[in-house]
Amino acid sequence: MTAREGSLEAPTRHPIDWKNPQFWNEAALEKELERVFGICHGCRRCVSLCGSFPTLFDLVDNSATMEVDGVPKEKFKDVVEQCYLCDMCFMTKCPYVPPHEWNVDFPHLMLRAKAVQFKNHGARFSERLLSSTDTLGKFAGIPIVTQTVNAMNQTKPVRAVLEAQLGVDRTAWVPGYATRKFRSSVKSNRSAPVRDGERTPGKVALFATCFVNYNEPGIGLDLVKILEHNAIPYVLAEKEACCGMPKLELGDLDAVEKLKNVNIPHLARLAREGYAILTAIPSCTLMFKQELPLLFPADAEVAAVKEAMWDPFEYLVSRHKDGLLKTDFKQPLGTVSYHVPCHGRVQNVGRKTEAMLKLVPETSVHTVERCSGHSGTWGVKKQFHAMAMKIGKPVFRSMAGAKPDYISSDCQLAGHHIEQGIEEFARDALDGKQPALAHPLTLVRLAYGL
């Protein structure tokens, strides 16, 4: 047999066999890490993506043998810690992903290592808290509390405490809390007639997401206005918990399953009733489209939700192709520097947000398709924030170089990270312009003149 260099077949993802006791066997995990690290060492195409690969290659190059067998096994965790599960190595770089015989899925191997670490050794209180978005979201919705917390979180003494106690870098952007939650601000609206298209269901169910519900409900309100303008009836998911992505990134798969058991029954009912299910945060959409189906491959309700789940712009552009989307835009947007987030790219739906923005007259879209380095809670942690900013520098400079009127990303966390990065590293490229940060849904709402 000969080993092929790369593959012409489309990459495939295998189910994550986490219910198998062998998944949790540390010796088996260590052997697989050594096998895959050896392949990566011999290839090195991913060196520019994130900190995992430079860390691995430095460990190898500084070892006695200059091979993976010379790296102390306890150092493998240094590679794992740098991975924030963006999936870009699998999607864009690695020539050995399945169906190649070497069967390399680096992100899901890192997930396995994180899961084994969590099960056997737990996690720090700060990591558990930061990944508990519903718990943190309890600050939202009480005006005097949110105003106080938001104000305190901007002060240097409180940021120093957050860094010391929770490991949140004192210079990293952190979200504020809304005085009114999205789910408290919106009611289902079924008044418009259902008009199914060839590609799209004519009615929508909204899964709010933690970030939209607790932190920036305006994004969800903009989506609602777009739906109402296009006479698309919509409902809110009856009950909602965190999608589970923060717990997945921590390796707490049992918590992921508990959250799945809250969300899936309600979403599956909506899927069976013919709704298109939309979420405005790419990580949440991806969780239902990919991660939960791979974790629970035999669950028919998870599969039903997967088939009904849409990125908002995937839905809107398909609606346009069905001839059922209004294009009566009243307000040009000028120049938009638009960032395609990693968890949007992994969905394999194409540049649908870009396509939608390009429908707006007198609007120029400068698209940057590269990782911003943020990735949820990873980029705000003290031990990783500097690396997150380093990874994002090419994005910051490219987006600023277009001298835009707006900077935008489907991932609003990445958007704020980019805004901070431009201010720190690319301000001169703007030539004095002051671009506004706006989610793409906000831009579409503005373009409609709503």
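**Close-up views of aromatic contacts and pockets**

The count comes to 13 aromatic pairs in this predicted model, where rings of Phe, Tyr and Trp (its six-membered ring) pair if their centres lie within 6.5 Å, and planes under 30 degrees apart count as stacked, over 60 as edge-to-face and the rest as tilted. Residues are numbered from 1 along each chain as its sequence is written, and side-chain values use heavy atoms, with hydrogens and water left out. Because the model is predicted, local features need pLDDT of at least 70 and side-chain atom pairs count only at pLDDT 80 or more, whereas totals for chains, interfaces and linings use all residues.

**View 1. Phe-37 and Phe-76 form an edge-to-face aromatic pair.** The ring centres lie 5.1 Å apart, with 85° between the planes. Phe-37 belongs to helix α1 (residues 26-43) and Phe-76 to helix α3 (residues 76-82), so that the pair links parts of the chain 39 residues apart; helices (H or I, at least four residues) and strands (E, at least two) are DSSP runs, numbered from the N terminus. Both Phe-37 and Phe-76 are buried, that is, under 20% relative accessible area with a 1.4 Å probe and protein chains only, where exposed means over 50% and partly exposed lies in between. Together with Phe-53, Phe-57 and Phe-106, these two residues form one aromatic cluster.

**View 2. Phe-329 and Tyr-448 form a stacked aromatic pair.** Here the centre-to-centre distance is 4.6 Å, with 25° between the planes. Phe-329 lies in the loop between α17 (312-321) and β5 (334-339), and Tyr-448 in helix α22 (residues 440-448), 119 residues apart. Phe-329 is buried, as is Tyr-448.

**View 3. Lys-260 lies over the face of Phe-296, at 4.4 Å from the ring centre.** A charge sits over a ring if NZ of Lys or CZ of Arg is within 6 Å of the ring centre and within 35 degrees of the ring normal. Arg-112 lies over the face of Phe-23, at 5.5 Å from the ring centre.

**View 4. The second largest pocket holds about 860 Å³ of space.** A pocket is an open set of points on a 1 Å grid over the protein atoms alone, where a 1.4 Å probe fits, with protein on both sides within 12 Å along at least five of seven lines, and lining residues have an atom within 4 Å of a point. Of its 34 lining residues, the closest to the centre are Val-80, Glu-81, Ala-113, Lys-114 and Gln-117. Helix α5 supplies the largest share of this lining, 6 residues.

Technical notes:
Grid points are joined across faces, edges and corners, and a volume is the space filled by probe spheres set on the points.
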